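Here's a quick tour of a protein model for someone who likes to know how the numbers were made. Have a look at the sequence and the fold first.

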Amino acid sequence: MSACDLPCASRAPRKPRTPRLTGLGSFRIPSRRTRTERDGRARGDSRSDRPDGRERPEGPDRPRRTASPSGTRHAADAGNGTEARTRGTARHQRPHGPPGAGPAGDRNRWPRRPGRGLRIASADLSASVCVFLIALPLSLGIALATGAPLQAGLVAAAVGGVVGGFLGGSPLQVSGPAAGLTVITADLIHRFGWRATCAITVLAGLTQLALAAMRVARSALAVSPAIVHGMLAGIGITIALAQLHIVLGGTPYSSALDNLLALPARLARLHPAALSVGAVTVALLLAWPHVPGSAGRLLRKAPAALAAVVGATLFASLAGLRLPRVDLPSWRSHALPALPEGPMPAIAAAVLTITLVTSVQSLLSAVAVDKLVAARGDARHTVHRSKLDRELAGQGAANAVSGALGGLPVAGVAVRSTANVRAGGVSRYSTILHGLWVALAALLLAPVLDLIPLAALAALVAVVGAQMVNVGHLRSVRRNRETAVCAVTMAGVVVVDVLAGVALGIAAAVAVALHRLTRTRVTVAERDGTLRIRVRGQLTFLAVPRLSRVLAQVPQGSDAVVELDGSFIDHAAHEALHGWRSAHEAQGGSAEFSGGPGGRPTEPVPAPHSCCRPWNPWRNHHCGGHPAVGQEQKPEGHRRRLASGLSSFQRNTAPLVRDELARLAREGQRPSQLFLTCADSRLVTSMITASGPGDLFTVRNMGNLVPRPGEETVDDSVAAAIEYAVNVLEVSSITVCGHSGCGAMRALLEGPPDGAGDGTPLRRWLRHGEPGLARMVSRDDHVPRLEGRPAGDAVEQLSLSNVVQQLEHLRAHGPVARRLAQGTLRLDGMFFDVAEAQVYLLSGGSGGGGVHSGQVLFEPVGPTPAAPYGISRRTAPA
């Protein structure tokens with residue numbers, strides 16, 4: 001019987017979670033979250049990717065942690081052992097939680113159980129065999145294409161699988177020798193020799209480790225996709241041209257242009273045996289996925305690459321063809337790295353090229369693997385999203401080890417990674433096992449591998465190179481009007497080299513971006529007596545002359561609407577627009593700014609002011625003075641301000657909190673605190689407590705009052721909220737917050753107006769504050785006070801007394817009393833001085849034990865350094 005099966009009555013008492021109130025010391029607006037946190041903690045994903053592929057369990061095996069947009073929420077249970085496990089599972093049974101939440105799914109994701117040793121899923125085992133069968137011939141073919149020893153491809157495949165799989169941040173990505181590195185590696189071998197190329201690979205791996213430590217992996221995604229597709233297409237063309245010479249029975253040249261120019265002469269001197277083996281390989285490779293019938297379904301379980309190489313080998317053996325075959329030399333003569341000789345700039349450029357291409361290819365492949373896993377929709381197993389910095393570190397370690405052992409450079413390979421996902425791999429064990437199978441094959445199957453014709457491997461690699469010219473990617477580039485960037489990059493790779501091609505592509509992308517910034521169209525049309533000036537494109541200083549020329553032609557006194565159909569307006573264009581609008585309105589005309597048809601609303605950016613802050617649009621705030629009498633009292637003005645604020649939220653704030661709100665919508669709310677405060681508009685609870693969505697369960701009313709149980713009242717909303725928060729949400733603390741200048745406390749002091757009596761709703765509600773007034777006028781030692789200064793006036797003194805009194809009322813509520821007796825709930829009093837923006841906390845544990853000790857003191861909260869994300873800044877419960 002698991003902890004989830006225990007009835008609610010048998011739950012172990014919960015220890016109180018530590019309150020959030022030390023966030024008061026930071027007193028700041030929650031900062032914008034980084035992209036790493038939106039991919040991790042913003043989804044509520046508290047699991048961490050371990051090297052062995054296991055995931056940390058939720059619920060009974062680990063305290064729950066959640067994160068708010070401010071990055072300060074860290075709700076971890078204080079208890080441990082059996083009590084903590086029982087409590088953790090009980091939280092998954094809440095009626096407001098997401099369906100299906102609980103430890104059952106976590107057990108499915110946990111590959112190791114205590115006392116049972118290492119457990120590898122059968123899906124990982126079968127996927128590893130599938131990937132191995134693809135990797136083995138491809139590794140030999142890529143090694144052949146580079147001119148490196150054939151063992152180097154097997155070493156790189158084994159190291160990429162074991163080291164890259166064990167240390168990488170993408171669990172299902174398969175690393176090894178990549179076709180995209182063929183041209184680069186072949187050039188390095190030609191210039192420096194094989195042993196020096198191994199040393200360059202080691203240096204590139206160390207550079208990747210340094211970049212991972214600097215956490216710059218995500219910046220690789222800033223490279224234009226057109227550059228990446230152009231680079232891969234250029235590399236594919238170069239590979240196909242070179243390997244075609246081997247298929248035709250010749251030897252390739254080092255330059256793609258030389259291979260292209262020598263192709264007619266090679267066609268005139270064909271080698272029939274090599275050509276026939278190459279033709280069989282290509283035919284099997286292309287036809288294998290389309291074999292029909294039930295037999296075809298059975299045959300298609302074997303990878304097409306393996307079937308093509310095996311079929312070509314059998315054909316060559318049965319036909320008795322005499323042609324070059326794989327010749328794996330003894331491992332005793334395997335070459336290890338040596339220091340490169342040559343000018344340092346050339347060596348540095350070689351290291352930079354390997355680092356750049358392997359890093360970009362691996363990171364883009366990791367992102368593609370995430371998309372494939374998400375599309376697979378396997379509800380039984382959860383695979384972590386890729387951690388790009390860790391993936392870059394894993395690739396660096398794999399390159400360093402591969403180069404040190406005499407292997408080719410290593411990168412994430414899309415073909416093998418896709419096969420791993422589609423074969424059903426669920427953890428990094430599939431990648432690691434595939435590397436082990438490659439190592440065993442290299443050691444034990446050398447006699448079998450020596451039967452493979454080189455022409456078969458060349459044909460296989462030639463087809464892979466041709467497939468790197470992806471027609472779908474080229475169509476996507478054309479749709480996004482970046483054909484020129486892709487073409488320049490591809491031509492640079494084919495004609496010069498990879499590094500020069502990428503540099504030319506970046507230059508072309510910058511030129512295209514500048515052209516688009518300067519390409520702004522301004523048109524004028526009249527509709528229903530209103531001139532509509534439409535600005536299409538980015539509005540920068542380069543477009544100001546054209547814009548000013550058009551605006552100057554607008555007739556005086558006319559009504560005009562400027563439609564800004566773009567995503568960027570710089571300062572010069574902003575000043576030009578506002579200067580024209582001021583002049584036009586001064587001449588009796590009207591001018592408005594709006595978004596274009598189907599576009600988002602665009603409003604002028606307010607002029608900067610030293611007193612403005614991000615929350616000003618939500619307040620009755622005016623920079624530089626107040627509006628004229630009656631101006632802001634019109635309902636139309638208030639509605640415009642509301643619509644403007646809502647548009648600002650949708651434009652600026654909603655994109656930042658959408659992921660977190662989506663997680664809360666899925667999982668349900670799990671606040672750690674009930675926050676009961678006044679309805680005064682000057683109290684912004686999220687600002688004062690540095691909290692975000694899902695942190696506080698907030699109740700607001702006139703005077704932050706808590707009616708005593710059993711007292712006659714027509715409003716049970718406060719008692720209902722307390723019961724729900726304590727019994728259902730199981731909050732760990734309740735805070736009552738008063739403030740200076742409270743209108744409810746002032747009304748309580750002044751009493752009802754003459755003739756008003758106690759019959760109004762306000763007077764009936766304020767009766768719940770009379771015990772606080774009696775506490776204040778008692779003049780004994782129990783009258784609360786502020787540390788460091790006396791109360792400013794009678795209203796402030798009553799607000800302090802009222803906070804303490806409402807805490808007494810809270811203790812009288814049954815659910816609160818039970819949780820206090822169990823030690824799983826804490827009560828806190830708080831006072832906010834509006835004029836000084838200063839927060840005070842009631843001293844003493846559990847709501848201020850000082851209430852009964854002769855002195856009730858509110859202590860000021862001082863500013864403290866912001867804690868790093870994920871480190872709780874809460875105090876331990878008293």
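## Ground rules

This is a predicted model, so to speak about local features a pLDDT of at least 70 is needed, side-chain atom pairs count only at pLDDT 80 or more, and totals for chains, interfaces and linings use all residues. Residues are numbered from 1 along each chain as its sequence is written, and side-chain values use heavy atoms, with hydrogens and water left out.

## The big picture

The protein has 31 helices and 13 strands; these are DSSP runs numbered from the N terminus, with helices being H or I of at least four residues and strands being E of at least two. Of its 878 residues, 48% count as buried, meaning under 20% relative accessible area with a 1.4 Å probe, protein chains only.

Take the contacts (heavy atoms within 4.5 Å) with a separation of 6 or more: 77% of them link residues 24 or more positions apart. The exposed surface comes to about 40,800 Å², and carbon and sulfur atoms supply 60% of it; areas come from the Shrake-Rupley method with a 1.4 Å probe.

Seven strands make an open sheet with mixed pairing, in the order 8-7-9-11-12-13-10. Two strands pair if DSSP finds at least two bridges between them. Strand 8 (696-701) and strand 10 (785-786) are the edges: each has a single partner strand, so one side of each is left without a neighbour in the sheet.

Strand 9 (residues 733-739) runs parallel to strand 11 (residues 826-833), with seven bridges, and Thr735 has Asp828 as its bridge partner there. Strand 11 then pairs antiparallel with strand 12 (residues 838-842) through four bridges, with Asp833 opposite Gln838. Four residues sit between these two strands in their hairpin, and Ala837 takes a positive phi near 50°. Strand 12 and strand 13 (residues 857-860) are antiparallel too, over three bridges, and Tyr840 stands opposite Pro860.

Helix 26 (residues 717-728) lies across strand 7 (673-678), strand 8 and strand 9, at about 170° to strand 8. That angle is between N-to-C directions on a 0 to 180 degrees scale, using axes fitted to C-alpha atoms, for helices over the stretch in contact.

## Another hairpin

Strand 3 (residues 521-527) and strand 4 (residues 530-536) run antiparallel, joined by seven bridges. Ala525 has Arg532 as its bridge partner. Two residues lie between the strands, and Asp528 in the turn has a positive phi of about 55°.

## Pockets and cavities

On a 1 Å grid over the protein atoms alone, a cavity is a set of points where a 1.4 Å probe fits but cannot get out; a pocket is an open set with protein on both sides within 12 Å along at least five of seven lines, and lining residues have an atom within 4 Å of a point. The second largest pocket holds about 1,800 Å³. It has 50 lining residues, and the closest to its centre are Val413, Ala414, Val415, Thr418 and Asn470. Helix 13 gives the most to that lining, with nine residues.

There are five cavities of 30 Å³ or more, and the largest cavity has a volume of about 60 Å³. Its lining consists of Val223, Ile227, Val228, Met231, Leu356, Val357, Val360 and Val502. Helix 8 and helix 13 are the elements that give two or more residues to this cavity lining.

Technical notes
Buried means under 20% relative accessible area, exposed over 50%, partly exposed in between (1.4 Å probe, protein chains only). Grid points are joined across faces, edges and corners, and a volume is the space filled by probe spheres set on the points.
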